[in-house]
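Have the model open as you read.

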Amino acid sequence: MNEKPQDFIHFFGTTGSKFTYFKKIRDVGGIYINVDGIHLIVDPGINTFYKYINTYKDDEVDGILLSHIHMDHSNDLNVFVELMTNGGQTKRGTLILPKQAIEEKILHPYAEKFPDQVYVIEPNTTYKIKDLEITTSIRLKHGVENYGFKVKTKKHNIGIVTDTEFFEELIDSYKNCNILIMNVPYYIKENDRPYAKHLDIPATEKFIQQIKPEEIVLTHFNGNMLNNNPELIAENLSKKYNIKVIAAKDDMILEL
Ligand SMILES: [Zn+2]
């Protein structure tokens, strides 16, 4: 596809679970946000670059957002930095990433100087990529340094809730979002044991109740969610709360 719709989000992959990916059940992968003429790559995990370049065949990336260092989010980070900066020959674009990604050399040190701007994430802080405001969340609870994002476009306030266990203060970071993209690997707790480091559907319902978004996209599924029919779960939530809930599929394009 060379012709892009006006504003959209492309979900390259919809799992973060290596087991689901290794069994080729779903693809890993980040998302591509194309809004107000600005092009963002968020969490370029395994195969994000391959899918991007095969689909869009261009180097029009203005910014790269990395939530945390895990491979399903960061694997293709360096190649996107090279794409955005013409292999380091043109100083351009913005990279926003946690300090841990620099300390642990997830971003290759040689590529650190390639982007025009490199912002090391502070929580609850607003950064600008051209005219687009990106605000980071409170630090998430995921074992490694991790933050979510809010992307404020002319029409929408898009919240991206990446990998984290649920905690009440988390919701404050996403107030006023009309669209939420949520990483929800789990359906329900088995034997009432809370899953460490990740969200489930009961946590998603707390977001719906307190934020009242117009639309939620569920993604980043593991086997627990996939075995319980994510489309049906989304449909039931839609009916229960009278909002639009979508279970993402690999290569889904959400028009905004
Ligand atoms: Zn993770």
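## The zinc site

The site of the zinc ion comes out irregular, with angles of 89 to 175 degrees among its 4 donor atoms. The protein donors are His-68 (NE2), His-70 (ND1), His-142 (NE2) and Asp-163 (OD), at 2.1 to 2.6 Å from the zinc ion. Donors here are N, O and S atoms within 2.8 Å of the metal, and water is not among the atoms, so sites may look incomplete.

Along the chain, the donors are spaced H-x1-H-x71-H-x20-D. His-68, in the loop between β4 (63-65) and α3, and His-142, in the loop between β8 (132-139) and β9 (147-152), are 74 residues apart and link distant parts of the chain. Both His-68 and His-142 are buried, meaning under 20% relative accessible area (1.4 Å probe, protein chains only).

## What we're looking at

This is a predicted model, where local features need pLDDT of at least 70 and side-chain atom pairs count only at pLDDT 80 or more, while totals for chains, interfaces and linings use all residues. Residues are numbered from 1 along each chain as its sequence is written, and side-chain values use heavy atoms, leaving out hydrogens and water.

## The cavity

The whole structure has 1 cavity of 30 Å³ or more: on a 1 Å grid over the protein atoms alone, that's a set of points where a 1.4 Å probe fits but cannot get out. About 150 Å³ of space lies in the largest cavity, counted as the space filled by probe spheres set on the points.

Note on methods: On a 1 Å grid over the protein atoms alone, a cavity is a set of points where a 1.4 Å probe fits but cannot get out, and a pocket is an open set with protein on both sides within 12 Å along at least five of seven lines; lining residues have an atom within 4 Å of a point. Donors are N, O and S atoms within 2.8 Å of the metal (3.2 Å for Na, K and Ca); water is not among the atoms, so sites may look incomplete. Four donors count as tetrahedral if all angles lie between 85 and 135 degrees; four count as square planar and six as octahedral if opposite donors are over 155 degrees apart and all others between 65 and 115; anything else is irregular. Helices (H or I, at least four residues) and strands (E, at least two) are DSSP runs, numbered from the N terminus. Buried means under 20% relative accessible area, exposed over 50%, partly exposed in between (1.4 Å probe, protein chains only).
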